[in-house]
Number of protein chains: 2
Amino acid sequence: MVSLNKNYKNIKESYLFSDIASKVAAFSEKNPDVKIIRMGIGDVTRPLCKSVISEMTKGVKEMGEPETFHGYGPEQGYGFIKEPIKEYYKEHGVELLLDEIFISDGAKSDLGNILDLFSGDNTVLIPDPVYPVYVDTNIMDGRKIIFADSNEENGFLPLPDDSIKADLIYICSPNNPTGAVYNREQLKKWVDYANNNGSIILFDAAYEAFISGDYPKSIYEIEGAKTCAIEFCSLSKTAGFTGTRMGYTVVPKNLKAEDMSLNKMWLRRQTTKFNGVSYIVQKGGLGVFTPEGRKQISENIDYYKENAKIITDCMDELGIFYTGGKNSPYVWLKCPENMESWEFFDLLLKKAGVVGTPGSGFGSNGKNFFRLTAFSTRENTVEAMERFKKLVSSL
Amino acid sequence: MVSLNKNYKNIKESYLFSDIASKVAAFSEKNPDVKIIRMGIGDVTRPLCKSVISEMTKGVKEMGEPETFHGYGPEQGYGFIKEPIKEYYKEHGVELLLDEIFISDGAKSDLGNILDLFSGDNTVLIPDPVYPVYVDTNIMDGRKIIFADSNEENGFLPLPDDSIKADLIYICSPNNPTGAVYNREQLKKWVDYANNNGSIILFDAAYEAFISGDYPKSIYEIEGAKTCAIEFCSLSKTAGFTGTRMGYTVVPKNLKAEDMSLNKMWLRRQTTKFNGVSYIVQKGGLGVFTPEGRKQISENIDYYKENAKIITDCMDELGIFYTGGKNSPYVWLKCPENMESWEFFDLLLKKAGVVGTPGSGFGSNGKNFFRLTAFSTRENTVEAMERFKKLVSSL
């Protein structure tokens with residue numbers, strides 16, 4: 001008689017985005033004339049840049065000709081895309097070996113699949129609020145989870161507490177949902193903690209392309225990180241690949257525990273349970289890293305960052321506390337009048353026709369906070385902030 | 001201190017294809033004038049068909065325009081590709097619901113990832129010889145594996161033994177590496193065994209497109225299979241998607257164990273650890289199922305099957321025992337003179353310049369067998385078989 005993974009019974013059903021969708025649908029039905037502006041889901045709106053389209057078009061053509069057709073490729077990705085990623089890291093002072101880079105179909109897959117390498121009896125430290133996938137994937141494996149309070153007092157950037165022992169540590173910087181970004185000194189504290197305790201940091205760098213100040217884009221900019229950290233990155237927000245699907249994961253050769261090499265284990269995992277990313281998509285990834293591609297994607301990122309500035313200017317004007325928006329496409333704001341986040345969601349929808357994400361969907365520390373994204377169009381962002389200002393000024 | 005998954009220490013390093021590659025390279029260096037014909041690795045050689053290229057070209061173009069750009073799609077796949085798959089099943093008498101079909105980046109990923117749903121204490125029954133991924137993925141989870149003898153006596157089609165209790169059962173039909181295909185009566189025995197014992201069959205249908213006789217293409221053609229089987233399929237061999245990456249997995253709504261729905265569990269797994277297949281690739285998949293696409297891919301399959309016939313005609317002429325080749329791109333032959341499979345590999349390479357795969361790479365029952373694939377070109381297949389005939393006639 002087959003026996004199932006009972007841990008699945010402990011995963012809470014996540015209704016966050018479906019609850020939002022049904023509330024919006026109900027409102028929309030009652031108020032067909034109201035133009036609703038969506039700043040809730042973290043999906044991009046600008047199309048793939050010309051350089052990406054050009055490389056993918058070539059890739060598709062190659063696949064149709066016997067001389068240039070590509071069958072099975074290396075599970076860990078083609079050299080032609082790993083090379084420019086290696087060069088990209090070099091720009092921010094990080095030297096990687098080619099076989100420390102693994103091309104993936106996105107950070108979400110690898111953040112989940114990496115847990116195959118760890119036993120179920122590790123204690124996992126996860127900030128609250130957080131991207132829900134970190135929590136759910138560990139519940140699926142039955143690991144003990146402890147939460148690090150991420151709140152207004154620490155600017156939503158919790159630091160290690162030596163009295164707490166954690167084996168696996170999740171850090172997302174720039175953070176989803178708070179947009180907060182760690183500086184070098186802060187990240188060094190986490191790296192030191194991990195090396196001192198034999199812990200491993202799972203570093204989610206999916207939003208690194210939004211950093212413009214002197215903040216680390218990679219945890220490997222911090223001394224000692226190569227013996228304690230795995231880094232996950234994605235082209236989803238960097239280059240609008242949310243529906244195109246490509247990311248990369250870095251597992252340093254020096255990352256070892258219990259006499260086992262994590263790099264070798266991950267290679268084994270990927271060659272056994274994965275067959276590589278589509279050749280066409282990897283060609284598209286190449287288009288991100290050409291000089292024209294770099295220029296084109298930075299224009300898109302600047303566009304979103306200008307949207308973020310429109311949002312933060314509004315918060316500044318209203319005197320609302322927030323994090324993010326400067327090195328991140330997310331603005332995490334304190335609900336006016338200390339409202340509960342769903343209460344503010346309802347109010348903002350009904351009175352202003354603007355959709356955001358209630359902070360309580362990301363954890364208990366989010367209960368009086370609210371996330372707005374900068375991924376909308378310029379026009380909608382401007383209009384949404386005008387409506388927001390009018391609403392909050394009237395409270 | 002982090003604790004790793006110690007089961008990884010028990011996985012044997014697989015050197016099969018790298019050993020083959022280095023032997024071929026060494027021979028080639030010493031004999032630069034010999035034209036080597038490769039019939040070892042199961043990768044296709046014909047390019048993607050016009051219908052697929054046309055749909056992907058449209059898909060790429062859409063991704064470059066704001067009006068038609070696609071961001072995050074449903075993790076389980078777009079309706080536009082699930083609908084034709086549903087229709088395809090209907091052609092062989094299988095009625096599926098749309099949400100029983102999950103689009104994946106290939107059967108290999110899903111065959112590995114599906115094990116997330118099962119606890120580590122199941123006993124797994126795997127035929128020997130076999131596609132090595134079934135074994136390795138279960139060793140990674142520490143499951144007990146028992147092998148079903150697949151051999152000349154049973155035509156490489158083992159049947160259930162009621163005295164043996166297995167919770168998870170792997171069946172691959174048409175089989176890799178043996179090319180043998182189960183008929184309805186034989187598969188019914190496995191389905192009955194599974195329903196009687198509360199076991200779950202993991203049915204690998206990756207080669208179903210090569211079936212032409214009255215053999216089941218899907219396990220769901222067998223009464224009772226929807227309460228005991230998960231089916232994995234792939235466009236890799238169907239439509240040459242080895243480097244394009246798309247497959248699909250069917251988890252019936254009626255598949256339940258311990259009061260849990262496997263369909264719900266898999267949906268939860270995929271929405272948490274996967275973000276869907278690239279929109280462009282799903283468009284390519286759509287091109288497989290249009291009337292022109294169906295015609296074009298069947299021309300490719302016929303081409304490969306004609307190659308297979310050239311191989312089996314040669315075996316028939318030489319009086320060599322084999323399975324496969326009729327409903328499969330693989331011919332699994334008994335080594336002449338009862339040679340050990342690596343010995344025959346060396347002989348065939350040195351005397352005929354032909355590369356195949358030694359059966360011992362697939363399990364102990366393969367030690368006197370050898371796999372040839374029909375995925376080469378017509379010219380090379382003809383030439384390889386002429387050389388084969390000459391060599392074996394001279395022994």
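In this predicted model, chain A superposes on chain B by a rotation of 180 degrees with 0.0 Å of shift along its axis. The RMSD of that superposition is 0.0 Å. The two copies are thus related as by a two-fold rotation axis. In chain A, the C-alpha nearest this axis belongs to A:T57, 3.3 Å from it.

**The interface**

Chain A puts 64 residues into the contact, and chain B puts in 64 residues. Five elements of chain A give two or more residues to the side that touches chain B: α2 (50-63), α4 (107-113), α5 (133-140), α8 (262-273) and α9 (279-289). α2(A) gives the most, with five residues. By class, this side of chain A has 28 nonpolar, 23 polar and 13 charged residues. Which surface does each copy use? 100% of the interface residues of chain A are also interface residues in chain B, so the copies meet through the same surface.

| Helix | Residues | End-to-end C-alpha distance | Expected span |
|---|---|---|---|
| α2(B), 50-63 | 14 residues | 20 Å | 20 Å |

In α2(B), the buried residues are B:S51, B:V52, B:I53, B:E55, B:M56, B:G59, B:V60 and B:M63. They pack against elements of both chains. From chain A come α2 and α9. From chain B come α7 (236-239), α9 (279-289) and α10 (291-318).

An α-helix has 3.6 residues a turn, so residues three or four places apart point the same way.

**A sheet in chain B**

Four strands of chain B form an open sheet, in the order β11-β12-β15-β14. The pairing is antiparallel. β11 (322-324) and β14 (357-358) stand at the edges. Each has a single partner strand, so one side of each is left without a neighbour in the sheet. For β14(B), two bridges make the join to β15 (residues 369-373) of chain B, and these strands run antiparallel. Which residue of β15(B) is the bridge partner of B:T357? B:R371 takes that place.

**A loop lysine in chain A**

A:K253 lies in the loop between β8 (247-250) and β9 (256-257) of chain A. With 14 C-beta neighbours inside 10 Å, A:K253 counts as partly exposed. Leaving aside neighbours within four places in sequence, A:K253 is in contact with A:L97, A:E100 and A:N263. How far apart are A:K253 and A:D99 in sequence and in space? They are separated by 154 residues in sequence, but by 8.3 Å in space, C-alpha to C-alpha.

How values were computed:
Residues numbered from 1 in each chain as written. Chains lettered and ligands numbered in written order. Predicted model: local features only at pLDDT ≥ 70, side-chain atom pairs only at ≥ 80, totals over all residues. Contact = placed C-beta atoms within 7 Å. Nonpolar A, V, L, I, M, F, W, Y, C, P; charged D, E, K, R; others polar. Pairing = 2+ DSSP bridges. Least-squares fit on C-alpha atoms with pLDDT ≥ 70 in both. Buried ≥ 20, exposed ≤ 12 C-beta atoms within 10 Å, placed from the backbone. Expected span 1.5 Å × (residues − 1).
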